[in-house]
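Hi,

Here's the structure I promised to send over. Have a look, and then read on for what turned up.

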Amino acid sequence: MEVTWWGHATCTIEDSGVRLLTDPLFVRRFAHLRRRRGEVPPPEAAVADAVLISHLHSDHLHLPSLARLAPGSTLIVPRGAPAAVPGLRMLRRMRGLLITEVAPGDEVRLGPVLVRAVPARHDGRRIPVGPRRVPALGYVVEGLSRTYFAGDTGLFDGMADAVGPVDTALLPVGGWGPYLGHGHLDAARAARALELLRPRAAVPVHYGTYWPIGMDGVRPHEFHAPGDEFVRQAARLVPEVAVHLLGHGEHVRPGAGR
């Protein structure tokens, strides 16, 4: 199993010959955000057998980035996403994308790999377009290894039971602005999630990539520090977990499954 971090929440998970892409975001700038670190992912980053979408926020369900996928690509999305986001229906029609809607507990078989949707604690609205709520999700990818992609989430009761045993956890440790709202993990809370989940390895994501334009001098440590702080907090709480701090475009093979 191999994980590549492209920046923000965008990762490639390769397991048993199956290539999965998470929350693709392939632009230098969108809305009020600018990519401040790392190059825009290369064309090969958009090559995937399936794409996992965790929730409807535009930095996770980014329609122009999804338009870069090959025609006929499979999207796994939270149940209700096509009804809430008309652009998804247009992509299905114009690009021939195959959309599978899932809720917590649902499973999708992709050859030798099983993808299981798990709950997340995060606002599921398509902000700021409308009030329709679609529950946010995480995913567990089960092949030779078990990999948890948390999407965006806060800590929640029953998290360890809902996710189940995993070998590698891809956890958000920051955000794209100087303050984190409800339903997010910062470095300390992400380390607490590690303490609950007890994987063999972890990769911090969702930090150090995008930042609001014109706010470079506002709480800059919230952009630069979350990865190193997560390493420090994890070493204090769960020293047995191997934390892999990746640069943009770097990959790691955390090891075989249990």
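Predicted model: local features only at pLDDT ≥ 70, side-chain atom pairs only at ≥ 80, totals over all residues.

Residues are numbered from 1 along each chain as its sequence is written, and side-chain values use heavy atoms, with hydrogens and water left out.

I took a salt bridge to be a side-chain nitrogen of Lys or Arg within 4 Å of a carboxyl oxygen of Asp or Glu. That gives 12 of them.

One is E2 with R253, where the closest N and O atoms sit 2.9 Å apart. E2 is in strand β1 (residues 2-7) and R253 is in the segment after β17 (251-252), so this pair ties together parts 251 residues apart in sequence. (Strands are DSSP runs of E, at least two residues, numbered from the N terminus.) E2 is buried at 13% relative accessible area, while R253 is exposed at 64%. Here buried means under 20%, exposed over 50% and partly exposed in between, with a 1.4 Å probe and protein chains only.

Then there's R116 with E142, at 3.4 Å between the closest N and O atoms. It links strand β10 (residues 113-119) to strand β11 (residues 137-142), with R116 and E142 26 residues apart. R116 is buried at 15%; E142 is partly exposed at 24%.

Finally, R34, R36 and D216 join up in a salt-bridge network.

Cheers

Definitions and conventions
Helix = DSSP H or I, 4+ residues; strand = E, 2+ residues; numbered from the N terminus.
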